[in-house]
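Please look through the model shown here before reading on. My remarks are set out as numbered points.

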Amino acid sequence: MEIRRTVGGMAVPEKLQTIVDLFAASPRAVKLQALLDYSRRLPPLPPDLAGNPDLLERVDECQSPFFLKAEVAGDGTVEMYFDAPAEAPTTRGYAGIIAEGLTGATAEAILALPDDFYAAMGLSDVISPLRLRGMGAIVARLKRQVRQQVDAAAGR
């Protein structure tokens, strides 16, 4: 997966940077519609996780119930799983953006991702500060889970 540098020199995987750039260039109404589109594209949980919220971590900073799980594979790539109710389209949309933009990403790429990469998308035009805080928490939790697994695999 190719890493592209963003403004400020932060590392963002190219697929995710493309999404960030598209949102940044879009008017407010298009950003809202795009979030709704990404909410519908969020992959469902696999059968072993569906209906088992205890296997996922809740992100309490999100206004709506939101759960995630990250699994670092032997090759260093990360599988991500997200669960949010359909009644939370902005949160689901953000999860859909992460899922699509980070598919195939390595643990290293995820750990280098700025927690607030969404700021460059211009989402503050369409989302409340409280929801934006939840978005930052989602990325922070994802990175924490990845870091714990990387450290455990390295014997730290």
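Predicted model: local features only at pLDDT ≥ 70, side-chain atom pairs only at ≥ 80, totals over all residues.

1. Residues are numbered from 1 along each chain as its sequence is written, and side-chain values use heavy atoms, with hydrogens and water left out.

2. An open sheet is formed by 3 strands in the order β3-β4-β5, with antiparallel pairing; two strands pair if DSSP finds at least two bridges between them, and helices (H or I, at least four residues) and strands (E, at least two) are DSSP runs numbered from the N terminus. Because β3 (57-58) and β5 (78-83) at the edges each have a single partner strand, one side of each is left without a neighbour in the sheet.

3. β3 pairs with β4 (residues 67-72) in the antiparallel sense over 2 bridges, and Glu57 stands opposite Leu68 in β4. Helix α5 (residues 129-153) packs on the sheet and touches β3, β4 and β5, where contact means heavy atoms within 4.5 Å. The direction of α5 makes about 30° with that of β4, the axes being lines fitted to C-alpha atoms, for helices over the stretch in contact, and angles running from 0 to 180 degrees between N-to-C directions.

4. Ala153 is found in helix α5 and, at 72% relative accessibility, counts as exposed (buried means under 20% relative accessible area, exposed over 50%, partly exposed in between, with a 1.4 Å probe and protein chains only). Ala153 and Val72 are 81 residues apart in sequence and 9.5 Å apart in space, C-alpha to C-alpha.
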